[in-house]
Amino acid sequence: MPLVLLGLLSLVGITHLLCSNPRFWGSSSLAQAIQSEAERSQSSPADTFGVRGAPAVLDCFQVSQPVLTPGGPSTNLSKIAEGSPSEEACSVLLMEHVFAFSYGMPFVGNYIPPNCQFNRVIMNFTVVSQGRQFDRLALMYFGDTEVWRTSTAEPTQPPGISWTFLKDMTTYLHLWKSPQKLIFDLGNLIDDKYTGSFNATLTATFFTSDAETNEYPPADLIIPISAKRGAVNESSHFILPKQNATNTINFPQNVYRAVFSISANGQAAEEFWWQNALQSDVLTFPKAGQLYGLSPFREVQLFVDEYLVGVQWPFPVIFTGGVVPSLHRPIVGLQAFDLREHEIDITPWLPYLCNGKEHTFTIKVVGLNNTGGNATLTEIVDDSWYVTGKVFLWLDDEESVTIGAFSQTAYVGPRISMLSHVTQNETGLNETLKSSTNVDRFILFDSFIISQNRVEQISWSQTLSYSHEGLWSNFGHTQISNFSIRGIDWANRPTATYNAFYTYPLYSNSTYSRASLELQVEGSSVFPTGLEAFANANTSAAGQTPYTTSYLKTHRDGTAHFFQTGDGKNSSGYGTTNQVFYFGGSDKEAPLRIGVDTNELYFRNVTAVNGTIVSDSERVAGVELYDFYQDAEAHNPAAPSLSLFARVSSQFTGPKAPMEKVKGGHRPHRWPPIRVQAP
């Protein structure tokens, strides 16, 4: 077995040691035990093949902070609950299914609550696959309510790949307490060329914990805003722009807190929306073909009746077939295994929503159109966006009615500026195109609200800024994108706050990408922040208070090459990827300064070359789990099973969604226009 796999597998035992003794984080005896185990596991000779010369299964992973399990913090390298000190934890097998020719045929099962007490739920999603296949989007529902969105890694030739992802699902405690229809939609297509199926196992572990990082318990009621096709065993996402993402609901009158979450990502022609050209420039390079347009800006909007109540500026998720596929083996892109939902606090709207009348919730996706001169928002975007929403509600007694009034509302913007410039060669052909796009927006709602037990002044605001610089050269055949989003979402009330500070920088060209994420969350988030696993870590010292603000900062750099024959029938690639991930906690208010206002809770620095991990270091709560390194040259050839990729369609060029059937049996997937053609 290769050194790297021995090192990774040994971490299962190491992490159990850490999890089963959370009181002893940082103790010298624990550190020594971890160090000796790491040294022992790293003493075997390194090789890209198993001990008997056979290729090893490639373990793919998304770098992420630990989650709280029955025994303490656990990473995706460990098995939850096994050998944990909690005797009351119990597990349920939710799904064991092979997604082969599964287009339009999701897994459908029945969930029955376990016979044990629980206030926390952790899911374990484990997949094995081999062969050639696109990456696929997957959506999980309880009935009509989407509860998780993930995607797959692209498999390799035998022996293939595997991955495990742990997901904290305590947010949906209201649903876990009662029987549910579970629908898991992972649309896949199999033929003589695309042979990879996905053998998936999904389990849930239920347990009790006194860890508290939030002023509020999980919501009392969750109302889906979806296509509501669960009754016919189908996926309930809306597909925009061809569908109208609208539901009309009877909103309860006894609500004292309401938060809306949006799940949205672009597919097909909208997968790489952040690389698009201004609409006025789409025909700049006639020989290269029309560029994708409507700008590199997208906004997801939430309306209540005819009123805009909040927006999401989406994170640019790059799936495992995106840009250059060899960037993603075995370290997948940011959020590829766990697409983050966005929270919009609609509590200031309760005096309006609790008036006893029906209300309509609508989700829209808009771009920018500048063909008329000045740029304006447009609901006409390319196909397609997959969107759903949910309303999380916290309730007073049934007979109470929440009342109040708005004291202030403000909309500023969006303020939009666009510039573009074309240069020509000596024959008059357009050779380069430069463009820049900048957008900013501010939204504020402030209300005076009286509920059963509270009289409060409650505010919600969003401050957002966006910038993009694009360069098309070589007559439109190569492209560079430099993209950034910054945002502050702020919910304020006397009893609790929620502040989210986030930045999404992304740089990409034909062979290199740098994706980054900085996210600080203070206060009462609907979704877990990661502090749950370390809820008691800051209270052992005298005078210390529990962590109230999480700080996540990561950047992922990759250089890769992709080759495809002129007929498109064969492709291969190689590359190097490094990711540095920091997660910390603080009892101070956001915004925070890393290392000054925060305590490090989790750290990882990992590098892969041609599908093999060549260096990896990881710390949890200050304890170094391991520090592994082996020499490797970036130009060394990858093993054949790691260098083959799914062919790029000649018609469309990115990830594959579950529900859109197209000519030839495979849905279109767009890649950026930068590809290396080999004879």
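**Reading sheets, rings and cores**

Guide: Four strands make an open sheet, ordered β5-β10-β7-β8, with antiparallel pairing. The edge strands, β5 (107-111) and β8 (145-151), each pair on one side only. This is a predicted model: local features need pLDDT of at least 70, side-chain atom pairs count only at pLDDT 80 or more, and totals for chains, interfaces and linings use all residues. Residues are numbered from 1 along each chain as its sequence is written, and side-chain values use heavy atoms, without hydrogens and water.

Visitor: How are strands and their pairing defined?

Guide: Strands of a sheet pair through backbone hydrogen bonds, parallel or antiparallel. Here, strands (E, at least two residues) and helices (H or I, at least four) are DSSP runs, numbered from the N terminus. Two strands pair if DSSP finds at least two bridges between them.

Visitor: Over how many bridges do β7 and β8 pair?

Guide: Strand β7 (residues 137-142) and β8 pair over six bridges, in the antiparallel sense. Ala-138 has Thr-150 in β8 as its bridge partner.

Visitor: How do I read an aromatic pair?

Guide: A pair of aromatic rings is described by the distance of the centres and the angle of the planes. Rings of Phe, Tyr and Trp (its six-membered ring) pair if their centres lie within 6.5 Å; planes under 30 degrees apart are stacked, over 60 edge-to-face, the rest tilted. The count is 38 aromatic pairs. Trp-349 and Phe-406 form an edge-to-face pair, 4.8 Å centre to centre, with 75 degrees between the planes.

Visitor: Which parts does the pair of Trp-349 and Phe-406 tie together?

Guide: Trp-349 lies in the loop between β18 (342-345) and α4 (350-353), and Phe-406 in strand β22 (residues 403-424), so the pair ties together parts 57 residues apart in sequence.

Visitor: Is Trp-349 buried or exposed?

Guide: Buried means under 20% relative accessible area, exposed over 50%, partly exposed in between (1.4 Å probe, protein chains only). Trp-349 is buried, at 5%. Phe-406 is partly exposed, at 35%.

Visitor: What about nonpolar cores?

Guide: In soluble globular proteins, nonpolar side chains tend to be buried together. A nonpolar core is a set of buried Ala, Val, Leu, Ile, Met, Phe, Trp, Tyr and Cys residues joined through side-chain atoms within 4.5 Å. The largest has 105 residues; Phe-251, Phe-260, Ile-346, Phe-361, Val-387 and Val-391 touch the most other members. Apart from it lies another core of 50 residues, among them Cys-116, Ala-138, Trp-176 and Leu-186.
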